[in-house]
Amino acid sequence: MGEFYCPLHIYVGLDALNVLKGYSAKAALLVTDRFFSENGMAKAVAARLPGCRVEIFDRVTPDPTAALAAGGAAVCRRLKPELLIALGGGSPMDCAKAIRMASEMPMTFVAIPTTSGSGAEVTSFSILTHQGVKHPLVDPALRPDVAILDPMFLEALPPKLIADTGMDLLAHCVEAVAATGATAFSDALAHGAASLAFQSLERSYRGDASVRLSLHQAATMAGMAFDSAGLGILHALAHSLGGALHLPHGRLCAMLLPAVLPVNAPRALASYARLARACGVTAASDHLALRGLSSAIVRLRRALDLPGTLWEAGVDRADYQEKREDILRAAQADPCCQTNPVPVTARELRQVMKAVAP
């Protein structure tokens with residue numbers, strides 16, 4: 001039996017941020033990072049809530065820790081907000097989700113993404129780091145109530161951030177179509193989002209701001225797809241590698257994507273082939289379509305100036321060798337493995353790792 005469920009409101013376009021003016025909250029907690037606190041964007045969001053006491057929690061750092069979320073939950077219990085707002089990329093989203101769960105307070109949760117990749121504004125996933133290990137949390141209670149996709153936040157995105165988050169978007173699509181929970185509904189979203197990524201990601205990276213709202217929506221579509229269908233071995237490894245080696249998540253996704261396809265192909269060939277054709281790959285057979293999809297991913301990765309191996313990303317070989325077994329154990333324990341189309345054992349993990357650490 002298949003299932004698709006996405007119970008939230010999504011507001012898109014110029015001035016979508018003004019939706020906040022419709023809330024009558026007396027107190028709100030805005031979770032963000034120091035960048036948005038210092039550049040005035042957090043205050044611009046708070047200004048949309050006249051008459052509301054807005055406290056800005058701007059201590060979020062990349063790979064937020066469980067301790068940081070606990071600190072935010074303590075602020076939440078003191079402030080007693082009716083409104084929780086997350087502003088930023090995946091890290092502020094993940095932290096706000098954990099704050100909401102830890103505080104156990106009834107709040108309307110509004111997510112305002114400023115990057116186009118994680119899809120966290122519509123998902124029930126949160127990634128927290130504890131003692132150098134990334135721990136995925138999966139619970140419907142983590143899902144925001146409202147997502148606001150306003151292009152005002154996309155004008156000055158750094159190219160490297162566009163590249164990293166864009167490959168995360170694409171990885172969500174590739175994993176969602178192959179995951180055990182995939183349905184026609186999640187496939188439609190993943191196909192549409194991946195097609196948009198192939199059409200627009202390099203253009204955005206090269207400075208074409210006209211395609212960024214399209215990519216922003218694609219990231220949300222991909223988030224809806226994988227939140228329903230599940231993820232797989234790629235994200236399990238990206239989580240464990242990121243926690244151990246401190247590389248950007250999207251950069252790891254870019255490395256891992258071509259390596260994962262042959263591992264899952266025995267059970268996901270037809271799904272990958274349908275995705276490839278939806279993205280414009282013409283092929284006489286499913287095997288050729290899969291090869292075309294892999295080649296298209298590699299070409300896009302090169303166009304975005306992203307590394308293909310851990311060594312190209314600057315990882316120290318000795319450091320990797322020392323941590324390799326811990327990385328493998330953490331990946332095998334990751335809940336993303338549960339929805340991978342092929343049962344995940346050490347053999348599959350080593351096969352993928354060999355491709356990115358030859």
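In what order do the six strands of the open sheet lie, and is their pairing parallel or antiparallel?

A: The model is a predicted one. In its open sheet, six strands follow the order 1-8-5-4-2-3, and they pair in the parallel sense. Strand 1 (9-12) and strand 3 are at the edges; each has a single partner strand, so one side of each is left without a neighbour in the sheet. On average, neighbouring strands are turned by 20 degrees against each other, direction ignored.

Helix 3 packs on this sheet, where it touches strand 2 (27-33) and strand 3. The direction of helix 3 makes about 170 degrees with that of strand 3. Helix 4 (residues 90-103) lies across strand 2, strand 3, strand 4 (83-88) and strand 5, and it runs at about 160 degrees to strand 4.

Within the sheet, strand 5 (residues 108-113) and strand 8 (residues 146-149) form a parallel pair over two bridges. V110 has V146 in strand 8 as its bridge partner.

The loop between strand 3 (53-60) and helix 3 (66-79) contains D63. Phi of D63 is near 55 degrees, a positive value in a residue other than glycine. D63 counts as partly exposed, because its relative accessibility is 28%.

As for annotation, an unreviewed UniProt entry lists residues 10-151 as "domain: Alcohol dehydrogenase iron-type/glycerol dehydrogenase GldA". Over residues 10-151, the chain is 27% helix and 32% strand, with the end C-alpha atoms 14 Å apart.

Technical notes: Residues are numbered from 1 along each chain as its sequence is written. This is a predicted model: local features need pLDDT of at least 70, side-chain atom pairs count only at pLDDT 80 or more; totals for chains, interfaces and linings use all residues. Side-chain values use heavy atoms; hydrogens and water are left out. Helices (H or I, at least four residues) and strands (E, at least two) are DSSP runs, numbered from the N terminus. Buried means under 20% relative accessible area, exposed over 50%, partly exposed in between (1.4 Å probe, protein chains only). UniProt positions are given in the numbering used here, feature names are shortened, and annotations may be inferred rather than shown by experiment. Two strands pair if DSSP finds at least two bridges between them. Axes are lines fitted to C-alpha atoms, for helices over the stretch in contact, and angles run from 0 to 180 degrees between N-to-C directions. Contact means heavy atoms within 4.5 Å.
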